[in-house]
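This briefing is meant for a reader who is meeting the structure below for the first time. It goes through a few topics in turn.

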Amino acid sequence: MSTAFLSRLVPDLAPWRSSRDFRTLFFQGAITFFTSFMAMIALPLQIKHLTDSPLAVGAMGAVELVPLVVFGLYGGALADALDRRRLIMLSEAGLGVLALLLLVNALLPEPLLWPLYVVAAGVSALAGLQRPALDSLMARIVPHEQMTAAAALNALRYQIGAIAGPAAAGIVVASAGYAAAYAVTVAGFAVSVLLCTRLAPAPPSPGAERPSLRGIAEGARYAWSRPVLLGTYAVDLAAMFLAFPHTIYPFLADELDAVWALGLMYSAGAVGSLLLGMTSGWTSRIRRHGLFVVCGAAVWGGAIAAAGLSADIWLVLLCLAVAGAGDMLSGLGRATIWNQTIPEELRGRLAGIEVLSYSVGPQLGQVRAGAMAGWTGTRSAFWGGGLLCVGAVAALTALLPSLVTYDSETDEDARRRRAAREAGAAEEREAGTAA
């Protein structure tokens with residue numbers, strides 16, 4: 001295999017070299033994702049332990065849904081009106097407090113069930129407030145032409161946490177209990193807050209309006225007027241709602257007599273995503289990012305369906321890994337299109353809508369998977385949802401053809417956004433020369 005070919009596969013590190021804030025957020029996110037995934041795995045396991053009900057586990061998604069919708073939209077408006085660094089830091093501190101509450105509950109002689117749902121709702125609300133600020137900050141600190149590379153590195157960081165976190169959670173919960181897993185999460189958030197203090201201030205754009213329903217509606221109208229953006233939201237919502245069976249992994253593991261592999265099941269998707277991320281250098285040279293979105297989502301749904309039809313645990317793990325690679329490919333396309341086309345003054349509000357598109361789907365998907373598994377069985381909840389996902393992606397591709405034909409060099413919004421970034425950079429250079 002030639003050196004030139006290998007160089008095309010190695011992840012593009014240009015954002016890492018060009019932005020100090022990107023490097024800081026990379027380390028901050030790596031710590032947060034690792035410790036958060038420990039809690040994300042321990043929480044449904046604890047609910048299963050207390051109730052032994054797939055519906056009770058799936059209900060966690062329903063509890064998280066309303067706070068995510070409300071605070072995701074409001075968080076987008078806040079991200080356009082406030083200093084994004086401060087918003088990120090305060091939200092991270094709040095998430096640490098909620099992790100502390102989980103720790104206290106787990107240390108009780110008889111842990112209570114209702115605090116688990118309350119904390120799940122609180123985490124959803126704070127994540128909704130924080131994610132628009134994080135996502136909109138990325139478009140400011142990374143050069144326009146490095147957006148795909150930045151998305152790949154961010155996804156790589158996420159997948160490392162998604163692999164190590166669940167694996168560690170399975171070991172820690174089995175050997176030391178739920179309290180130990182939650183204690184690690186608390187410590188992780190404490191370190192994350194300290195790293196957030198190293199970020200440069202990120203004040204709002206000049207003339208930014210105060211958060212309001214009118215401002216949120218303005219962002220929604222912009223998204224509705226852009227078929228490419230609508231396509232990214234719709235495809236992701238369909239894929240996650242119809243084919244997100246994570247909450248019923250423990251029940252599939254029971255049916256396959258492979259409880260030992262539960263941590264591997266949670267990590268398998270991340271392994272597939274990681275492999276794609278480690279060979280993502282070629283994605284920086286692609287301009288048709290809409291193809292990433294639809295092809296990746298179709299692979300996700302098809303692989304989830306195959307996992308539900310498989311009777312061998314190793315084949316299930318392979319299918320979940322393929323699904324993870326498809327999900328990451330779709331995510332790279334979405335993130336690139338969002339960051340390349342959305343104006344800076346609307347970035348926070350549109351990031352709030354983005355939070356809904358890639359978060360509400362999984363929350364509803366948890367409810368769908370838990371309810372369907374309770375009514376028709378665990379396997380049908382897998383393969384039925386996967387096939388519906390593939391069908392939905394095909395239908396949306398036909399309804400929104402501009403998503404498939406998106407080209408970063410010719411798209412009007414992408415060209416306008418690039419020109420605005422170049423003009424801003426020129427003004428900063430002139431100001432520096434004058435000083």
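Which residue has a side chain that a polar contact joins to the side chain of Thr-148? In this model, which is predicted, the partner is His-289, and the polar contact between the two side chains is 3.3 Å.

**Thr-148 and its surroundings**
- Thr-148 belongs to helix α7, which covers residues 147-176, and Thr-148 is buried, with a relative accessible area of 5%.
- Leaving aside residues up to four places away in sequence, Thr-148 touches Thr-283, Ser-284, His-289, Leu-332 and Thr-336.

**Cysteines**
- A search of the whole structure finds 0 disulfides, a disulfide being a pair of cysteine sulfur atoms within 2.5 Å.
- For Cys-319, the closest cysteine sulfur is that of Cys-389, and because the two sulfurs are 14 Å apart, they are too far from each other for a bond.
- The closest cysteine sulfur to that of Cys-389 is in Cys-295, at 13 Å, which is likewise too far for a bond.
- Cys-319 counts as buried at 10% relative accessibility, and Cys-389 is buried with a relative accessible area of 0%.

**Cavities**
- The structure holds 2 cavities of 30 Å³ or more, and the second largest cavity contains about 40 Å³ of space.
- The elements that give two or more residues to the lining of this second largest cavity are α10 (227-242) and α14 (313-341).
- The lining of the second largest cavity consists of Arg-226, Val-228, Leu-229, Ile-337, Thr-341, Tyr-406, Asp-411 and Asp-413, which divide into 4 nonpolar, 1 polar and 3 charged residues.

Terms used. Residues are numbered from 1 along each chain as its sequence is written. This is a predicted model: local features need pLDDT of at least 70, side-chain atom pairs count only at pLDDT 80 or more; totals for chains, interfaces and linings use all residues. Side-chain values use heavy atoms; hydrogens and water are left out. Buried means under 20% relative accessible area, exposed over 50%, partly exposed in between (1.4 Å probe, protein chains only). Helices (H or I, at least four residues) and strands (E, at least two) are DSSP runs, numbered from the N terminus. A polar contact is a pair of N or O atoms within 3.5 Å; within protein, one must be able to donate a hydrogen and the other to accept it, and residues adjacent in sequence count only if both atoms are side-chain atoms. Contact means heavy atoms within 4.5 Å. On a 1 Å grid over the protein atoms alone, a cavity is a set of points where a 1.4 Å probe fits but cannot get out, and a pocket is an open set with protein on both sides within 12 Å along at least five of seven lines; lining residues have an atom within 4 Å of a point. Grid points are joined across faces, edges and corners, and a volume is the space filled by probe spheres set on the points. Ala, Val, Leu, Ile, Met, Phe, Trp, Tyr, Cys and Pro count as nonpolar, Asp, Glu, Lys and Arg as charged, and the others, Gly among them, as polar.
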